[in-house]
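Subject: Structure handover

Hello,

Here is the structure I said I would pass on. Please look through it first; my notes on what was found follow below.

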Amino acid sequence: MDNFTFYTPTRYTFGRGAEEKVGEEAQRIGMKRVMVVYGGGSAVRSGLLGRVEKRLEEAGISYVELGGIEPNPTDPKVYEGIDLGRREGIDGLIAVGGGSVIDTAKAIALGIPYDGDFWDFYAGRLVATTALPVGVVLTIPAAGSEGSGNSVITKLDGLHKISLRTESALRPKWALLNPELTFTLPPYQTASGIADMMAHIFERYFSTTPDVEITDRVAEGVLLAIIEEAPKVMAHPDDYQARANIMWSGTLAHNGICGTGRREDWVSHFMEHEISAVYGVTHGAGLAVIIPAWMTFMADHRPEKIAQFGRRVFGVTSHDDRTAAFEGIEALTAFFRSLGLPVSFAELGIKSPDIPLLVKKLHENKGATIGGYYPLTATETMEIYKLAVR
């Protein structure tokens with residue numbers, strides 16, 4: 001196990017009626033005038049946005065709205081939010097939604113106090129250390145952005161989809177999680193969220209760091225819980241306990257606990273970011289395509305941890321690592337299929353993917369060699385994209 005510093009300042013309120021605490025939580029950290037950021041209208045239609053704003057008013061907190069955040073969020077909305085926030089003199093942001101809404105709110109929070117272009121941070125020209133505080137009312141368990149210091153934004157000029165990672169600057173100050181708010185999620189969105197949270201665990205689990213039994217077991221335990229609870233959620237969308245377990249799994253998958261003391265990978269996310277940037281697919285669905293392809297490549301190049309995953313999570317009994325790895329991949333692929341997820345480019349709706357373009361953009365954004373589990377050049381990432389064609 002490697003040395004590490006683990007810092008997670010987010011205050012979580014979990015359970016029925018959690019969203020009713022929004023005024024109290026905003027007031028607790030000194031918010032006085034906030035921007036409420038939300039997505040495409042479901043928060044309005046369900047009445048959630050109205051309830052949130054009522055609680056803010058009761059707490060004496062004024063607000064402005066920024067709606068219309070779309071999946072795979074892009075920089076124009078960030079610039080719009082920065083301009084609005086500066087004009088209105090806001091001192092914090094409240095994201096009402098899922099990962100796209102939260103990531104946009106974080107980018108705005110970073111951009112308002114900075115004199116230059118917020119993209120400087122995403123492009124790696126500056127290190128993010130200061131931002132306005134962000135609070136979250138979570139409606140989609142998937143991205144884990146409610147508990148992470150990360151934000152993913154696509155710059156439309158060049159279609160650069162970049163993940164910014166910070167230790168503390170962009171971690172929400174508080175997050176309100178009510179599983180009941182997820183009852184009406186469409187099945188495909190629910191399934192895609194499950195794939196996303198599993199991917200966050202995989203990116204940490206597949207590591208070359210030795211002697212990390214404790215975090216291996218934490219990761220495997222969360223994966224086993226997701227695999228057990230996911231079919232219940234798909235069959236009975238209003239099963240509160242199943243929804244609660246899935247919702248908390250999404251947070252634990254990405255708040256950093258599964259990655260303590262170990263080197264992480266993130267290649268699957270990097271590769272999928274190029275797919276969703278170019279083709280606009282749902283991120284979790286894209287991950288369901290890329291992860292088995294990445295594992296298939298690794299089964300022939302570094303099978304031992306893939307084999308461990310197959311044995312400990314899916315009960316594979318083969319003693320040969322390569323065989324056990326392929327059996328684990330087969331079981332994972334079957335699980336994704338059981339949720340109604342695609343596992344190939346064709347099933348994702350991309351009949352003839354432009355693989356050279358994906359590879360070119362990937363390495364332009366992430367460097368000539370990427371990956372913590374097995375270093376990959378353009379030759380290897382092209383092979384993995386081709387394995388996803390199937």
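An axis here is a line fitted to C-alpha atoms, for helices over the stretch in contact, and angles between N-to-C directions run from 0 to 180 degrees. Please keep in mind that the model is predicted.

The axes of α10 (residues 267-279) and α15 (residues 378-387) come within 12 Å of each other, crossing at roughly 65 degrees. The crossing of α10 past α15 is right-handed. On the α10 side the contact involves M271, E274 and I275, and on the α15 side T381, I384 and Y385. Sorted by class, this contact of α10 with α15 has 4 nonpolar residues, 1 polar and 1 charged.

Next, the sheet. It is open and parallel, with 6 strands in the order β1-β8-β5-β4-β2-β3. At its edges are β1 (11-14) and β3 (62-66), each pairing on one side only. On average, neighbouring strands of this sheet are turned by 20 degrees against each other, direction ignored. Within the sheet, β5 (residues 134-138) pairs with β8 (residues 174-177) in the parallel sense, over 4 bridges. In that pair, L138 is opposite L177 of β8.

Two helices lie across strands of the sheet. Helix α4 (residues 75-88) lies across β2 (33-38) and β3, and runs at about 160 degrees to β3. Helix α5 (residues 99-111) lies across β2, β3, β4 (92-97) and β5, and its direction is at about 170 degrees to β4.

Regards

Technical notes
Residues numbered from 1 in each chain as written. Predicted model: local features only at pLDDT ≥ 70, side-chain atom pairs only at ≥ 80, totals over all residues. Heavy atoms only, no water. Pairing = 2+ DSSP bridges. Contact = heavy atoms within 4.5 Å. Left-handed = near helix turned anticlockwise from the far one by under 90°. Nonpolar A, V, L, I, M, F, W, Y, C, P; charged D, E, K, R; others polar.
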